[in-house]
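Trainee: Could you take me through the reading of a model, feature by feature, with the general idea before the particular case?

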Amino acid sequence: MASSSSSSMATAQRCFSHDVFLSFRGETRHQFTDHLHQALKRERIRIFRDDGIERGKILKDELEKAIHESEISLVVFSDDYASSKWCLHEVMMIIKEHETSSHKHDLVPVFYKVDTSDVKHQTGSFKKAFDDYEDEIKAETDLKKKTELALKVRAWRDSLNKATNFTGYVYEIGYESEFIKKVVDTVISKIDYKLLYVSDKLVGIDEDVAEIQPWLQDTSPDAVVLLIDGMGGIGKSTIAKCIFNLHFRNYDASCFLADINKETSNQTSGLCRLQSQLLSKILKSEKEETIWNVDEGTIKVTNAISNKKVLLILDDVATEKQLRALLGRQRFHPGSKVIITTRHTDLTKAFTDAKVHSVRALSTVDATKLFSLHAFLQHQPVEGYSDLSNLVVARCKGLPLALEVLGSSFREKTTDEWEDTISRLEANPDPEIYEILEISYTSLKHNTDKELFLHIACFFEGEKKDYIEKILAQCHLSPVDGITNLMNSCLLYVDYFGRVMMHQLIKEMGREVVYRESPMDLGKRSRLWDHQDCIDVLQDQSGTKKVQGLMIDMQKTEGAEPNSAITIYNPRKRSLEGKIKHGIYANFEIGALEKMTNLMILQLNYVTFSGKCKKLPRKLRLLRWHGCTLKAIPGNVYMENLVVIDMSHSKLKHVWDDFKFPIGTLKILNLSHCHDLIKTPDFSGLPGLENLILKGCSSLIKVDESIAYLEKLVLLDLTDCTRLTEFPCLPTSIVTLEISGCGSGAIRRVPSFNWTSLGSALNEMNISYCNLSDSCFPNDWSSLVLLKMLDISGNNITFLPNCIQSLPTLKFLDVQNCSNIQSILGLPESLLIIQADKCESLENVRIPETQLTDLIYYTCPKLYELEGRWKARSIDKVDTKIIQYLGLESNAGDGMELDLKALSLYQKVLSHSLSNMLILRTKLNHKCCVCGTFVSCYVQKTRGYMDFELGVWEGLELDLMVLSFSPSIFGLYFVYSLLLRIKLNNKWCLRVSQVVHEFGIFSTCVFGKQIPSGFMYEGRDRRISFEVPPHEKSLRISGFCLYVLFSTKFKFSWSKRFFFQFIVVVHNITKDLLWKYSRIKQTIPNDVENYACLSLWRCGNLLEAGDEIVIDILEDTSVGKRTVEECGINLIYEDDDQQLIDGKRNEAHPVNAFDKISWTDKMDIDISDYVRSGCMPEFSCDLQKYNDLIRGTCNVPFFLH
């Protein structure tokens, strides 16, 4: 294993839209290329097939874009490949992309039953094609066209020649499956699509992953939890990361929580933060969920993981308390998997059934390989170093972390240096891990790198890289170059979020180095971080000039309260005494700090001091003092060299008392959650300030006008400054602006907030929950040319502000929780993601046609249309023609009658017993009285539901069995038998089917097991195959109706409904057409055992008499166990007389055209776009891929209430 237990590093998502651009000739489409395509898809590789767009309509720019947005290209050369000018043009563009792109677009050529030299030199079958092109050149009489064609043919020849120079595969004879596996393995090795960073120097990990694979495939309820245990540094986290990267796509949601024990031991709120992170991942929320206490979080976690198939990895768990907080009551959704990495094998007691995988040390062979990869950048030692390498490998005893670190430290050293270093290892017969790791530390060339490493190990591990660089650059440690050197020595790494991370063992090794500086005399150590050590030094005032840094958190003291006091000398008061905590004084003399004259780093959390303080150490660069009780910092305290002042959670009313000394070096001023702070300081003495953080300053009224002159300010955070009334002009240098939660403050009182003061450097802006209305926004934001992220969620807008359309580079827009917004129109074409959760009034969204924007939304009950993408309407707003073709009949309007008969009514109401038969007979939009004064109902029609509000006696419950109904309402197979439970003074819903239109496909779902009749072709086992017959009147086919009958084999006891989704694959073998349609997800009541899905395909003349058709139904097994019991298809023929009848029927019930679904409706992507006649088209319409692109994580809200 290359990596040991360590924090996860999520790599950034690549900019590629596709992993592979697949080019091939039609002769291989249904055999080799189709098998290759399916093999790639099984590996979750995103493929762009060059037949995915109608070639007669595709533009050159579109093809170039597809190639440019693919990471690599895969070209299948076959005998007839060169006969296609289109294929030759693709190869030419691929070679051009390789030669001009910055990422060196790669090409994998596959020579399928064709000789490589024929492709390279255009001989054999390729010669005939090019001879035809040469003849075409000779026959051309137009000189210009003749020249253009000649140049093009020459370019094609040159491109083919260059294509053969790439490493590829030749197939002549043998098992195609084995050959395809080699090609797929090569493709996988060339692309990188992972969520978590894992080193590329992996050895021996495949064996562990293979042992875990059967458990992953086991769907039984007793195969949910897996514990991966072993010593620190053995590779537990690496194994978990590899499994996560391989399988996260197979689950509804996934989450990797790293370093749980560290996160919870270092912070009192660590478990709450981890619960919040877990919920955000499972619920797919852009913002972290708010958790106020662990118990609340435990309930929320239980609910979240019980309703989704999840892959959850908990890294470095130490206690059952952590498990309870992060797994709740262990109610897992079927198919979910939980992997726990731990050093504590006794955690198995927390589970009834848990599999354990113990990670073993590497074998000598694998250990040598791993060591060599780091020491020599190859799989074996270089000549002359084998014996020396064996000595080092033997000392490491198969521990991957030690092999990595030591291997890197030996890199590029002479044999003499190796022998000297090994002799030092031999001086320790039983070396501990720290001693092994320390060798890499002592081999650092520069003392500044060693000092930098010790600072990070003691104080800064987990902090942002730029934050560390700002502070330690002023300590003359050259941190930019130094961090790079430490990374090269495998002593630390920088994760996806820019945090400097190191393995726990490496950090402990660094602290061990400091400990050995002075084991007995604490005050002579260079750094103090241990809680008790700090208390002893401060109480004894034993600190010396040796001390460079001190970090103490009094909240970690057993029994300490979160609001522990902090005091310091104030010239206006004689003295401030410390408060008593759990029976002892947590109070120190300020003089204890003054003795540490070389102190550079001071981090105090809820610490109290007494005595007079007139100066702080002149070398002090970081002052982090959380919970300070001073009303102001004394103005005479020397702070001239400070880089960071962090006074979060303090009692400051104003920052400085009679501020005297400018702080030209100050870059970060953090006053967050200083709830008593009324105004900011005058910033004229802080010319170098870059980050100003005032988050949660709930009493802040004014930001000083001098902020406008801070030319280096890039971050301003005023989140939840709810009383802010004066807001000055801002410097144009600001990159990130956070004003969320200023709901009653200056931003709403336009023009108190001057929008024009926003500079062109602005990249991120958060103005959420500011109580902004439509009139609060400006008309134009075109000057914000760099704004990428905008958050306006939680505001009182009714439509999307016009100024957003003028943002030229906006990528992410958040409008969630805007409960009054009705439409999202006028989006900029650059937009990639819209977050629109919980927009309860949202009815319409329009996304630019040129952009496949990802719309993420849940709980938007009124959203029934995404313009140009899909539309959902109740059955009464659908053309009669569509209803009839689907096999449904509808007179759903005023006067619709519903007969329900209920037998065996029971329940005691007050003191009465009900046993009589109840008959309900009602009409829509009319009141009625049933059984005299027994029950009164009011029926109203709402979005395809009929909501009955009942009210006589509160608490009355009725069980009604629907035994009879009007066929004119429900059609032949909507409801056969349905049990409804009614409770008075609540609503119950009888579902009337909706129809969804997308891609020229009209679909609906009906409940019950009554088998539809009259279908021409039926199938079993999810497949229908037939040959299209000729019509007796020679009518043309306009479409077909498909039905699929499902049976639910699994019940969810904790949920009233479940999701289902399936894929329809229609293959016209004769015309060589392939459609793949992934229907939108729909919710089904949990008490429904059988349901039928009907879909009407408006496919034009793509089906003709004599065509051989095969239809397959693919189930989404991730959403429960279901079985396709039956399926059938009916062909629809054009009939003018029938259309005339339909038109008259539609006239009888006029509906607004915008609000209905019509047979002639057309979406941006439609099956009818692919109509061809005459020659066989060489393309497939992959509607499933388009579904994935436009929906992302969202679902159409079909029966979601």
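Predicted model: local features only at pLDDT ≥ 70, side-chain atom pairs only at ≥ 80, totals over all residues.

Mentor: Residues are numbered from 1 along each chain as its sequence is written, and side-chain values use heavy atoms, with hydrogens and water left out.

Trainee: In which order do the five strands of the open sheet run, and which stand at the edges?

Mentor: In general, the strands of a sheet pair through backbone hydrogen bonds, in either a parallel or an antiparallel manner. Here strands are DSSP runs of E with at least two residues, helices are runs of H or I with at least four, both numbered from the N terminus, and two strands pair if DSSP finds at least two bridges between them. The five strands form an open sheet in the order 2-1-3-4-5, with parallel pairing. Strand 2 (47-49) and strand 5 (169-171) are at the edges, each with a single partner strand, so one side of each lacks a neighbour in the sheet. Strand 4 (residues 106-112) pairs with strand 5 over three bridges, and V170 in strand 5 is the bridge partner of F111.

Trainee: At what angle do the axes of helix 3 and helix 6 cross?

Mentor: Axes are lines fitted to C-alpha atoms, for helices over the stretch in contact, and angles run from 0 to 180 degrees between N-to-C directions. The axes of helix 3 (residues 85-100) and helix 6 (residues 143-163) come within 9 Å and cross at roughly 60°. Contact means heavy atoms within 4.5 Å, and K85, L88, H89, V91, M92, I95 and E99 of helix 3 meet A155, W156, S159, L160, K162 and A163 of helix 6.

Trainee: How many residues of helix 16 are buried?

Mentor: Buried means under 20% relative accessible area, exposed over 50%, and partly exposed in between, with a 1.4 Å probe and protein chains only. In helix 16 (residues 400-410), 11 of the 11 residues are buried, so this helix is largely enclosed by the rest of the structure. Just after helix 16, E412 takes a positive phi of about 65°.

Trainee: Is L622 buried or exposed?

Mentor: L622, which lies in strand 20 (residues 622-626), is buried, with a relative accessible area of 0%. Leaving aside neighbours within four places in sequence, L622 is in contact with residues including F460, Y467, I471 and M600.
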